[in-house]
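Dear colleague,

I am handing over a structure for you to look at, and below it you will find a description of what turned up in it. Please keep the structure open while you read.

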Amino acid sequence: MERRPHSAALPGVGLRQPQVPDDRDHDCGVPCARSLVPGSVRGDVLRRARHHSLPLVARARRPWVVLAVTALAVGLGVSVVLYVEAARERDRAKRETAIASSINEFLSDDLFGRGNPFQSGSSSESLMDAIRQASPAIDRKFQNEPLVAAGLHHTIARALDNRTDYPNARQEYERAAILFRQTQGELSQDAVIVQLQRVTLEARSYEHGSLALAKSILAQQESLVSRLKNPRPEVGVWLASARGMVELIGNDAKGARDNFSSAVEQSERISSFDETARLTFRQRLAFSYIRLGDGPKAEQLLHELIPAFTRTVGAENPNVLRLHLNLAQAYMIQNKHAQAVQEANSVYPAFVARLGSDHELTMQLLTTRAQSEGSLGIWGDAIRDDLAIHDLAVRKQGPMSFFAVATLSDASLAMCRSGRYIDGAANARKAYDAATQGFGADAGVTGGMASTLAACLIGLGKLDGAGKLLAQIDIPAVAQLAGDPDWGAGVMLLQARIALAKGSYELARNDVQAVTPVFTRKDAEAYQKQTLQALNTELGKHPAR
């Protein structure tokens, strides 16, 4: 499940320069014309006016002489102004050349130069390794240009964020924000944008406590935005995006949809806004429809987005690959499981090649495939995929992260449905306990783990324990998290199994009747259909009184 200033020297870096202080005479606004007339000229004119009696013709020409002198003074003044301005432009050009030279030196020596094993000390250092190692040199090389340093840190943060290297990305975001505030003040709008992008990172990292941290940072930035007299339009875009991601991960899919829609609309009114970022907001909007359970709407938006994004960045760009992941998810929630598996299989090699097996999006794709494999009854493949993601998630994000608990629970469900009740129940218990500790007893994710554990306990004949677990589930919360408005029917089907096993035939019959419309659909999950048929067969042996 899902959870973002430029330069020619380094794309994505905001090299906005501080304004050069104005050295001009503050009384006149420009150099005073009087001060530019040579003293000898002024004195000669005054002596002639005071001590000589000029002929009438000369006196008649005197205004023309005054005008000529005035014109000369103004001409000299303009010339000096132009000279000063030219000098300033020359100084700016020299400064910008020096900055560009420093950036090129940073790129060639500190960054790309690390490909030289004599400099890096390693024959296999990757570009991202080089970026991480080069980051500390930024503040030293650009100590006199803090905005340049801030922009570089910001660009590195975005790159690490997109690679789901969250610990290092956090450090870069924080350093960029600090430098922007030191240079531009407490209400630096650049710093606000950086922190709003970090909110998105924290929310979608799915790490223990990360959503609470995201909400805290968001509240701080909202307070700062409210104090801005003239906020730049892009501040509102990133604010809406951050709010949308927090609501999406916080299980408020409607709020997420509204905020992502707002981010799209605001960005479209800014002609200079980055097209890739704008399309990413549209992708998140489409995903919010998946979380709302509106598969057809999500599928429609994704079919429109894939060619648009492909024209912008290319067919195998990770942004386009993510759309194929979302399309597989849209198929899955519509119970088009064969299409979901086919879509996942077609792009999985590209995900591994471009992003790596432990990238967040690659893990999501494998999770989607595993869920659809389980729905198709391909238990072995589903268990294999889920356990592979679980191991990756534990190493990368910790045992209480969302991916770790969700995939362990999914693997457990596949085990129990295939008859491996003891192993399945043991893993389901681990997942449920981790979810309770990490997310709370009332969270949607914990309710999903409770349902899986209950299914395994029913298979082991532990009916009372299963019943207690099912009774405490917040069904609407889990349904929204799963993007399935009928998710609660699965809980009622489990309750029917408990009632039948206890001999409460009328209660079981009522539950079966309630879920029959869901599990007799053409696209209903095969295992649920079979369970419903088995219940009806058994209830047929006990006619209604």
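Is Glu 174 buried, partly exposed or exposed, and what is its relative accessible area? Glu 174 counts as partly exposed, because its relative accessible area is 27%, and buried would mean a value under 20%. Please bear in mind that this is a predicted model, with a mean pLDDT of 83 for the protein and with 76% of the residues reaching 70 or more. Some care is needed with residues 1–43, where the pLDDT stays under 50, and also with residues 45–58, where the pLDDT is below 50 and the model shows three contacts beyond near neighbours in sequence.

As for the overall picture, the protein has 24 helices and zero strands, and buried residues account for 48% of its 545 residues. Its accessible surface is about 26100 Å², with 54% of that belonging to carbon and sulfur atoms.

To return to Glu 174, its side chain meets that of Arg 181 in a salt bridge, at 4.0 Å from N to O, and Arg 181 is likewise partly exposed, with a relative accessible area of 30%. Both residues belong to a network of salt bridges that also links Arg 170, Arg 198, Glu 202 and Glu 207. A search of the whole structure finds 26 salt bridges, and one of them joins Lys 502 to Asp 464, with the closest N and O atoms 2.8 Å apart. This pair links distant parts of the chain, since Lys 502 sits in the loop between α22 and α23 while Asp 464 lies in helix α20, 38 residues apart. Lys 502 is partly exposed at 47% relative accessibility, whereas Asp 464, at 51%, is exposed.

The structure also holds one disulfide, which is formed by Cys 416 and Cys 456, with their sulfur atoms 2.0 Å apart. Because Cys 416 lies in helix α17 and Cys 456 in helix α19, the pair ties together parts that are 40 residues apart in sequence. The torsion about the S-S bond is about 110 degrees, so the disulfide is right-handed, and both cysteines are buried.

After α21 comes Gly 483, which has a positive phi, near 70 degrees.

Notes:
Residues numbered from 1 in each chain as written. Predicted model: local features only at pLDDT ≥ 70, side-chain atom pairs only at ≥ 80, totals over all residues. Heavy atoms only, no water. Helix = DSSP H or I, 4+ residues; strand = E, 2+ residues; numbered from the N terminus. Buried < 20%, exposed > 50% of the residue type's maximum accessible area, 1.4 Å probe, protein only. Areas by Shrake-Rupley, 256 points an atom, 1.4 Å probe, with all protein chains shown as cover. pLDDT = per-residue confidence, 0-100. Contact = heavy atoms within 4.5 Å. Disulfide = S-S within 2.5 Å.
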